[in-house]
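Have the sequence and the model ready.

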Amino acid sequence: MKKFTCVQDIGDLHAALAEATEIKNDRFKYVELGRNKTLMMVFFNSSLRTRLSTQKAALNLGMNVIVLDINQGAWKLETERGVIMDGDKSEHILEAIPVMGSYCDLIGVRSFARFESRDFDYQETILNQFIQYSGRPVFSMEAATRHPLQSFADLITIEEYKQTARPKVVMTWAPHPNALPQAVPNSFAEWMNATDYDFVITHPHGYELAPEFVGNARVEYDQLKALEGADFVYAKNWSAYTDGNYGKVLSRDRNWTVGERQMAVTNNAYFMHCLPVRRNMIVTDDVIESPRSIVIPEAANREISATVVLKRLLEGLK
Ligand code: AN0
Ligand code: CP
């Protein structure tokens with residue numbers, strides 16, 4: 001594998017899941033693969049899980065790890081070409097990227113949507129600059145439009161907990177005070193659409209995701225109707241995607257908060273969320289603390305998805 005930014009990069013999902021099981025049974029099976037190889041993780045945004053699980057994955061593979069938080073101690077980076085750099089940005093990303101690439105073998109990048117321009121975000125301008133100019137295999141640690149390490153961990157988790165071959169998986173929008181990116185829901189939809197699950201998306205009017213991510217998924221605006229008979233409830237907030245409202249918060253309606261009322265219409269569903277989660281906005285205390293909540297094993301599977309991805313990228317170096 002030469003890069004990992006979307007579901008297509010992982011190829012056959014059955015093979016990827018088999019590899020995940022292999023790694024889960026013996027996390028250190030490939031500890032020799034990363035000897036004298038260096039992973040660089042570059043963060044433009046905060047992280048708890050991605051930072052720790054990806055670092056742990058690299059250790060599982062015997063790699064060395066360097067972490068750079070761009071906003072904490074690095075020079076402020078200009079990202080547009082042609083700008084006269086007489087402001088507060090000291091360095092251009094077009095120099096910074098190849099310099100970073102010169103110190104490592106693999107690069108992971110976290111760079112969220114900025115909501116300044118939908119085109120800038122949806123063209124994955126920052127991630128693609130890393131791919132083009134670093135000279136190294138690049139993987140996404142959540143970019144502007146996708147969070148594939150999360151979606152892969154979500155898929156592993158559903159496979160572990162599902163009780164029928166073709167579970168009903170419902171992704172529901174839920175309220176949040178701030179404008180969040182569409183990366184997690186886009187990516188989850190992309191991965192679910194690559195399975196044969198019964199996949200449904202529910203959200204208030206105005207929260208339609210980009211059509212290329214919705215694909216053939218069913219969209220149901222009535223949350224309770226969508227959740228009927230669900231085996232998995234995947235909650236997430238996102239801001240509006242649609243033209244004119246891009247990046248805006250259109251609703252904070254707590255009728256959409258996942259509580260007992262929502263869970264009661266499901267098929268005793270498991271509750272999932274990528275975390276970090278705002279309690280009593282996205283989900284009630286009772287639901288997230290219930291035995292049906294699998295948010296902790298879901299987060300733990302981030303180590304597994306990252307180990308599979310780094311292993312494949314290391315194999316691609318040879
Ligand atoms: C981020 C998001 O919604 O994309 C990261 C989630 C993994 N969440 C927040 O910023 C709260
Ligand atoms: N789920 C996830 O990516 O969490 P972090 O933002 O803490 O990395």
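**Cavity, pocket and ligand**

Q: How many cavities of 30 Å³ or more does the count come to?
A: The search runs on a 1 Å grid over the protein atoms alone, and a cavity is a set of points where a 1.4 Å probe fits but cannot get out. Grid points are joined across faces, edges and corners, and a volume is the space filled by probe spheres set on the points. By this rule, the count of cavities of 30 Å³ or more is one.

This is a predicted model: local features need pLDDT of at least 70, side-chain atom pairs count only at pLDDT 80 or more, and totals for chains, interfaces and linings use all residues. Residues are numbered from 1 along each chain as its sequence is written, chains are lettered from A and ligands numbered from 1 in the order in which they are written, and side-chain values use heavy atoms, without hydrogens and water.

Q: Which helix gives the largest share of the lining of the largest cavity?
A: Lining residues have an atom within 4 Å of a point. Here they are Ser111, Phe112, Arg114, Phe120, Asp121, Glu124, Thr125, Ile126, Leu127 and Ala144. Two elements give two or more residues: helix H5 (118-122) and helix H6 (125-133); helices are DSSP runs of H or I, at least four residues, numbered from the N terminus. The largest share, three residues, comes from H6.

Q: Where does ligand 1 sit?
A: A pocket is an open set with protein on both sides within 12 Å along at least five of seven lines. A molecule sits in one if more than half of its atoms lie within 2 Å of its grid points. By that test, ligand 1 sits in the largest pocket.

Q: How much space lies in the largest pocket?
A: Its lining has 27 residues, and Arg110, Phe112, Glu142, Leu275 and Pro276 lie nearest the centre. Helix H3 (49-60) and helix H8 (183-193) each supply at least two of the lining residues. The space in the largest pocket is about 460 Å³.

Q: What share of the exposed area of ligand 1 does the protein bury?
A: Around ligand 1 are Phe112, Glu142, His147, Leu180, Pro181, Lys236, Cys274 and Leu275, each with a heavy atom within 4 Å. A polar side-chain atom of Glu142 lies 2.6 Å from a ligand 1 oxygen, and an N or O atom in the Lys236 side chain is 2.7 Å from an oxygen of ligand 1. Taken alone, ligand 1 exposes 330 Å² (Shrake-Rupley method, 1.4 Å probe). Of that, the protein buries 82%.

Technical notes:
A polar contact is a pair of N or O atoms within 3.5 Å; within protein, one must be able to donate a hydrogen and the other to accept it, and residues adjacent in sequence count only if both atoms are side-chain atoms.
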